[in-house]
Amino acid sequence: MVNPKVSRHPTICYRPIRPSDLMILQQLHADAFPIRYESEFFQNVVNARDIVSWGAVDRSRPNGHSDELIGFVTARIVQANESEIGDLLSYDSAKSDQTLVYILTLGVVDTYRNLGIASSLISEVIKYATNIPTCRALYLHVISYNIPAIHLYKKMSFKCVRRLHGFYLINGQHYDSYLFVYYINGGRSPCSPLELVTVAVSYMRRGLNSVAARLRKNEEKWPKWAKCKESRRLVGTQGRRNLTAECTGCECV
């Protein structure tokens, strides 16, 4: 595809992808990705069969090109308990209706890059997913050498949660992939080890402060040896009790 010239003041609009976009959509994917997609994929996109999509067009383009795609994003809904990020999502596994949105492909014509189009397309998907009450997160894969895409998703508050070694096989060579997640509608990641340590330290500090307050209150009643004995006893039991309570309250899976 020949990259179209961008007008001085482009008028970018976003709309669902339609059957009439089939040929240009196939060409845009061929230009943007080193892997080839089956024709069935494109048919599913343009006919909205289990795939949702948005296209970007420049209404200021002349000669009948004002409705021609210059950017696209495709995505589909998946069940949370059947996804590959089930262990990265804190949710009630007993509820079978919990869902996720997986972003399949995203691309913008070279001459229209750095105009915020990719960010706007992603925002459309986020808005769509947020309006699904059962949806808890969006996720996607990025090939490890696609630095601009990695920066884009980080800028949009996606979290890089995992590196998948050898995920892509392109022309006989394996490439790693980064897995990014964007939590919505109360979705969240399980507690990390660092979070648990922080919680434990916080409660231990609170327990020690409580012990010190009790000791000061009873300072005149107890002999010195009794205070020391009580101090040792309270530090052990208070620390254990509070740590257990916090680990129970933390939504870990």
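1. Leaving aside neighbours within four places in sequence, which residues is Asp176 in contact with? Counting contact as heavy atoms within 4.5 Å, the list is Val142, Ile143, Ser144, Arg163, Leu164, His165, Gly166, Phe167 and Tyr168.

2. A quick word on the model: it is predicted, so local features need pLDDT of at least 70 and side-chain atom pairs count only at pLDDT 80 or more, while totals for chains, interfaces and linings use all residues. Residues are numbered from 1 along each chain as its sequence is written, and side-chain values use heavy atoms, with hydrogens and water left out.

3. Back to Asp176, which sits in strand 7 (residues 173-183). With a relative accessible area of 16%, Asp176 is buried (under 20%; exposed is over 50%, partly exposed in between, with a 1.4 Å probe and protein chains only). Its side chain makes a polar contact with the side chain of His165 at 3.2 Å (N or O atoms within 3.5 Å, one able to donate a hydrogen and the other to accept it; residues adjacent in sequence count only if both atoms are side-chain atoms).

4. Now the rings: there are twelve aromatic pairs here (Phe, Tyr or Trp rings, the six-membered one for Trp, with centres within 6.5 Å; planes under 30 degrees apart are stacked, over 60 edge-to-face, the rest tilted). Phe33 and Phe72 are edge-to-face, because their centres are 6.3 Å apart and their planes at 70 degrees. Phe33 is buried at 18% relative accessibility, and Phe72 is buried at 1%.

5. Phe33 and Phe72 also belong to one aromatic cluster with Tyr37, Phe41 and Phe42.

Notes. Helix = DSSP H or I, 4+ residues; strand = E, 2+ residues; numbered from the N terminus.
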